[in-house]
Amino acid sequence: MILVVDFGGQYNQLIARRVRDLNVYCEVVPYTKALEKVKEKSPEGIIFTGGPNSVYIEDAPKIEKEIFELGVPILGLCYGMQIMAHLLGGEVKDSSQREFGKTEFRTEENEIFSGVPQNSTVWMSHVDKVVKLPEGFENIGHTSNTEIAAMVNGDKKLYALQFHPEVNHSEYGLKMIENFLVNICNAKRDWTMANYAKVAIDETRKTVGDKKVLLALSGGVDSSVVAALLSKALGDQLTCIFVDHGLMRKNEGDEVEEAFKDSGMNFIRVNAKDRFLSKLKGVTDPEKKRKAIGEEFIRVFEDEAKKIGKVDFLAQGTIYPDIIESGVGDAAVIKSHHNVGGLPDVVDFKGLIEPLRLLFKDEVRKLGKELGLAEVLVNRQPFPGPGLGIRVMGEVTEDKLEILRDADFIFREELEKNKVENLSQYFAVLTENRTVGVMGDFRTYDYTLALRAVHTTDFMTADWVRIPYEVLDKVSVRIINEVDHINRIVYDVTSKPPATIEWE
């Protein structure tokens, strides 16, 4: 185990992904709980993340100095380097020459740079810098503007880098992280989905015992993998409830039923469109929509559980980014996921079973393959639990849903037909904007449709896909000609951050 101590930087989850990519398990903890978690979990190493603050201001994030005396190797990155220097007697000042972006870096010989050329490109993003080393430290790297760009106290196994080795722009960043994990921390590289599956199955059996579990099955990747895992762990103690909330994509409800009806699992489809649309009537705020959908999901599951008999546990396909973005713990709320921040205060189940809550999306797919889940389900494009309810801007109505279903289907069909590459998630959004248009010499005043396609590995960051213009043109022509009430189409060219993948 490696603990990633979060000081609020934008790349914090990316650090965790890089550690896991190297087959070493890690968890992210807020700086306010770091010392407590280190003592509780006894990690092989600690990584301090970057952060937006200056260490010398009064209310900057701080950490107890005791953490440096525990004998656990620590790697400080950016703010993590500055807080290490500041607390241990060094000096950090505002830099007159700030560094942002790709920067040439020159190293001195050290084990953390094993296999790294003396000169390489790194990714800098800082306004402050260490100007005086703490006692016992030596300078092991510099740039043209930053004399102390890396430092080490070999006796105490304290390492620090002013740049961000976790981003792809740092040429040998992953190698530096690997050197820290393997050569310095002696961490075991045994984090695999085969091992995770065994542990998750055993833990589920211990938690559930002989009780019954109801799984909220959407047919998406996450809940489908949970279904496969829980089926192996529990057999007929598991019942999968697929709630068709009327917010699915075109033909999707039937496709999900077809995929699971002969799986050997207890599978029930509940058609609850009217219930959900009733709850969404007049609701326009995206957070209120998510929470309304989340609560109604629970109420439907409670009703179905009563029909089955006593059910003690509700299972969900919650994954790590859901937890982080919903503001659980010390994190800021980006948006409430219907199965985390959208849960009502009172839930009529003994407990929640969430075997994927520590996994990123690509790890979930690997786990699905390990469990023998069908490729069509493992590789399925992600679809949010609230469905089209958060892709229809403003109030959700059946008329708007039908418009969006048809347009979204054409968009996805053309991207797949034309074999557009690097597609992680792609969909259409029906905006509230209406614009003037001309069709057949007649004036129109209809909806603007937005198209979105992104590429990502972890769904914490994402880049928009450069779809060929001729494909976008074909999509636009087809939608305008085949779908009523749309007279303008735009393409979203915003990455995450600053945007989120979904619009709401």
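This is a predicted model: local features need pLDDT of at least 70, side-chain atom pairs count only at pLDDT 80 or more; totals for chains, interfaces and linings use all residues.

User: Fine. Zooming out, how many helices and strands does the chain have?

Analyst: The chain has 14 helices and 18 strands. Its radius of gyration is 25 Å, close to the 23 Å that the globule rule gives for 504 residues, so the chain is as compact as a globular protein of that length. Along the principal axes, the C-alpha atoms fill a box of roughly 70 × 65 × 40 Å.

User: And what share of the residues is buried?

Analyst: 57% of the 504 residues count as buried. The accessible surface comes to about 22,000 Å², and 46% of that belongs to carbon and sulfur atoms.

User: Charges next. How far apart are the mean positions of the positive and negative ones?

Analyst: They are 2 Å apart, with 64 positive and 80 negative charges in the chain.

User: Back to aromatics. How many pairs are there in the whole structure?

Analyst: The search finds 15 aromatic pairs. One of them is Tyr 25 with Trp 191, which is tilted, at 4.6 Å centre to centre and 40° between the planes.

User: Where do Tyr 25 and Trp 191 sit in the chain?

Analyst: Tyr 25 is in the loop between α1 (12-21) and β2 (26-30), while Trp 191 is in the loop between α4 (173-184) and α5 (193-208). They are 166 residues apart, and the pair links distant parts of the chain.

User: Why do you call Tyr 25 buried?

Analyst: Because its relative accessible area is 16%, and the cut-off for buried is under 20%. Trp 191 has a relative accessible area of 11%, so it is buried too.

User: And the geometry of Phe 260 and Phe 267, what is it?

Analyst: That pair is stacked, with 6.0 Å centre to centre and 5° between the planes.

User: Which residues make up an aromatic cluster?

Analyst: Phe 7, Tyr 31, Phe 48, Phe 68 and Tyr 79 form one.

User: Switching to backbone: what's the phi of Ser 42?

Analyst: It is near 45°, a positive value in a residue other than glycine. Ser 42 is in the loop between α2 (34-41) and β3 (45-48). With a relative accessible area of 52%, Ser 42 is exposed.

User: And Asn 186, where is that one found?

Analyst: Asn 186 is in the loop between α4 and α5. Its phi is near 55°, again positive in a residue other than glycine. Asn 186 counts as exposed because its relative accessible area is 56%.

User: Last one, Glu 296. Buried or exposed?

Analyst: Glu 296 is buried, at 6% relative accessibility. This residue is in helix α9, residues 286-308.

User: Which residues is Glu 296 in contact with, apart from its neighbours within four places in sequence?

Analyst: Glu 296 is in contact with Arg 275, Phe 276 and Lys 279.

User: And how far is Glu 296 from Gly 282, C-alpha to C-alpha?

Analyst: Those C-alpha atoms are separated by 16 Å, with the two residues 14 apart along the chain.

Note on methods:
Residues are numbered from 1 along each chain as its sequence is written. Side-chain values use heavy atoms; hydrogens and water are left out. Helices (H or I, at least four residues) and strands (E, at least two) are DSSP runs, numbered from the N terminus. The radius of gyration is taken over C-alpha atoms; the globule rule is 2.2 Å times the number of residues to the power 0.38. Buried means under 20% relative accessible area, exposed over 50%, partly exposed in between (1.4 Å probe, protein chains only). Accessible areas come from the Shrake-Rupley method with a 1.4 Å probe; for residues, only the protein chains shown count as cover. Lys and Arg count as positive and Asp and Glu as negative; His and the chain ends are not counted. The place of a charge is taken as NZ of Lys, CZ of Arg, CG of Asp or CD of Glu. Rings of Phe, Tyr and Trp (its six-membered ring) pair if their centres lie within 6.5 Å; planes under 30 degrees apart count as stacked, over 60 as edge-to-face and the rest as tilted. Contact means heavy atoms within 4.5 Å.
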